Structure formats: C-alpha cells, structure tokens
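Reader: I'm new to this one and would like to go through it slowly with you. Could you put it up on the screen before we start?

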Amino acid sequence: MGDEQPTGSLSGELPPEIVVVTGMSGAGRSTAARALEDLDWFVVDNLPPGLLPTMIDLAGRTEGAVPRVAAVVDVRSMAFTEDLLSTVEELRGRGITARVVFLEAGDDALVRRFESVRRPHPLQGEGRLTDGIARERETLRAVRGAADLVIDTSQLNVHQLKAKVIGFFGEAEEARPRANLVSFGYKHGLPVDADLVLDCRFLPNPHWVPELRAMNGRDAPVREYVLAQTGAKEMIDSYTEVLRLMIEGYQREGKHYMTFAVGCTGGKHRSVAMAEQFGERLREQGLEVHVVHRDLGQE
C-alpha cells in the first residue's frame, strides 16, 4: 500500500481530463459527442454519474493513451442532479480538470425535433410531449446553472453545432480563455446561452438607408455608417473594457468559455458590424474570439 500512486502518475503523465456532455433531450448531445470524438476524445455514451471516477481511473491506467474523456450523461440516470454535480466536484477535488457542457434548446425546437423522429420524450410518461420537456427542464435546472458552457441549439443544425463544439475544444491550449461573440436580431429571440447581452438598437438603422438596405454589417459601407454614428465608438470602447474584465473574472473562477451577444432589430446590420468590432478589439488584447452571426440571412 505504501507505494500506491495517484491516478495518471505512473509514467509522469498528467491525470486525464473529462468533459461531461449533458442537457435537454433532443438538444444535440449526440452531435456534440461526435464532434469531440472527431477531436480524438474518448467518448462514453449514457454513463451514470457515479461511474465517472471509475472511468477516469481506467483512463489514468493507460499511461497517457487516453488523455481526454467525454462522457454523455442524460436525465434518465438515477438521482441525476445530485450525483452529477457532486461527482464533478469530487473529480475537481482530486486535481482533475472536469467541465460540464449543457446543451439547451427552446420548447418549440424540441417539440419539432421529437415530432420529426416520432419518438416520445423519456420523461413524458402518460402525459404530453410538452409535459416531459417541462419535467426535464426543471430536473436539470441546477445542472444548467452549474455548467461551464451552455450552448443553445434552437437555431443550429447538426453541422453548425459540430462547428461550435470544435471551435471551443479544437485547440490544444485548453486553459486559454475563449469568447464566443454572437450577433442576433431581437425579432428572432434572445440567445439563451449568452452571459451578457448588448443592445445596439439605439444606433440609427441602416435598413432605412436605401443604398445600404441590401448589404449587411460585414460590408464596408454598412460598417463605416454604423461606426460613424454618435455613441458607437463610445459603446465599443466601454464594453470592450467590460468584456475584458468579465473574461478575466470568469477565468479566475475557472470558467474558460464565455458567450456575449450583440443585438439589433433584425440581426443584419448594426449587431453584425458591432460584433465584428468587439471581436477585433478583444483579439488585439490577446484573447481568443469566435464571432458568429446567428440571424444573418434570415431577413
């Protein structure tokens, strides 16, 4: 017993890290898991939370052959909420990098997806599909609140979700903070996974300028028009500092993935131009930033 060593130390290797992929049924857990598998993560599907430490111990015995594990955990596991959160904290207490990715989607999107495959919700029982969704959402409330990364898939197809997961986990330097900047249109709904929402509707709308209406915020004439408006530069200067402070604070708290949303009415002109500018400013400060224009093309 005296020569027993911690998991992963037999050959000087670091302990394996683990990402728990969970969230709403129908929100894309399997797609996210396949994306991680494409990045050479060892993926285990439908693993009960209580077996996560065992999985890490087994991975640690491979002497570095399995450095990263992704476990898909769903609501059907017994005592799901308490087991998952307590187990993740247990792993972190052992010095293991353990993160929780929560896949979210709106009720309308989930209903459409279940109806398209003609399958009942796992918690539906004798009730309606919406009853199962509501029950699951309530059961997972604490898990969602404790997640390191929440991804709203309501308006993402499988390819977009896969690209988003790869964008967060595709780099080798996992400790580096990453910010996801999303432009959106208020008329299409708020991004539910945003840590902060910035409203650009106080700026004049290029939609009402005939020569700019057909363009979008990535086109130079629209960008120059938006940035020339009173308050645009001040907003960029002020919020760039706010975003920097938030990112640094999140990093100190162990959260390395953040989503900031920038909105205007339709998500075509002002929010696109401003999101691009915020991205450029944050990159100048050495931060890793991915800019996504959620509603561009929906007009």
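Reader: Thanks. Which element gives the most to the lining of the largest pocket?

Author: Helix H4 gives the most, with 4 residues. Before going further, please note that this is a predicted model, in which local features need pLDDT of at least 70 and side-chain atom pairs count only at pLDDT 80 or more, while totals for chains, interfaces and linings use all residues. Residues are numbered from 1 along each chain as its sequence is written, and side-chain values use heavy atoms, with hydrogens and water left out. Helices (H or I, at least four residues) and strands (E, at least two) are DSSP runs, numbered from the N terminus.

Reader: What volume does the largest pocket have, and which residues are the closest to its centre?

Author: The volume of the largest pocket is about 660 Å³. Of its 26 lining residues, Ser25, Gly26, Ala27, Phe114 and Arg119 are the closest to the centre. A pocket here is an open set of points on a 1 Å grid over the protein atoms alone, where a 1.4 Å probe fits, with protein on both sides within 12 Å along at least five of seven lines, and lining residues have an atom within 4 Å of a point. Grid points are joined across faces, edges and corners, and the volume is the space filled by probe spheres set on the points.

Reader: And how do the residues of that lining divide?

Author: The lining has 10 nonpolar, 10 polar and 6 charged residues. Ala, Val, Leu, Ile, Met, Phe, Trp, Tyr, Cys and Pro count as nonpolar, Asp, Glu, Lys and Arg as charged, and the others, Gly among them, as polar.

Reader: Changing topic, why is strand E6 described as largely enclosed?

Author: Strand E6 (residues 178-185) is largely enclosed by the rest of the structure because 8 of its 8 residues are buried. Buried means under 20% relative accessible area, exposed means over 50%, and partly exposed lies in between (1.4 Å probe, protein chains only). Both faces are covered, with Arg178, Asn180, Val182 and Phe184 buried on one side and Ala179, Leu181, Ser183 and Gly185 buried on the other.

Reader: Which strands pair with E6, and over how many bridges?

Author: E6 pairs in the parallel sense with strand E8 (residues 257-264) over 8 bridges, and with strand E9 (residues 288-293), again in the parallel sense, over 6 bridges. Two strands pair if DSSP finds at least two bridges between them. Serine 183 stands opposite valine 262 in E8, and valine 182 stands opposite valine 292 in E9.

Reader: What about E8, is that strand buried or exposed?

Author: In E8, 8 of the 8 residues are buried, so that strand is largely enclosed by the rest of the structure. E8 also pairs in the parallel sense with strand E7 (residues 196-199), over 4 bridges, and there valine 197 stands opposite alanine 261.

Reader: One last thing, where is aspartate 40 found, and what is its phi?

Author: Aspartate 40 is found in the loop between H1 and E2, and although it is not a glycine, it has a positive phi of about 75°. Most residues other than glycine have a negative phi. Aspartate 40 counts as exposed, at 68% relative accessibility. Arginine 118, in the loop between H4 and H5, is not a glycine either and has a positive phi of about 55°, and at 79% relative accessibility arginine 118 counts as exposed.
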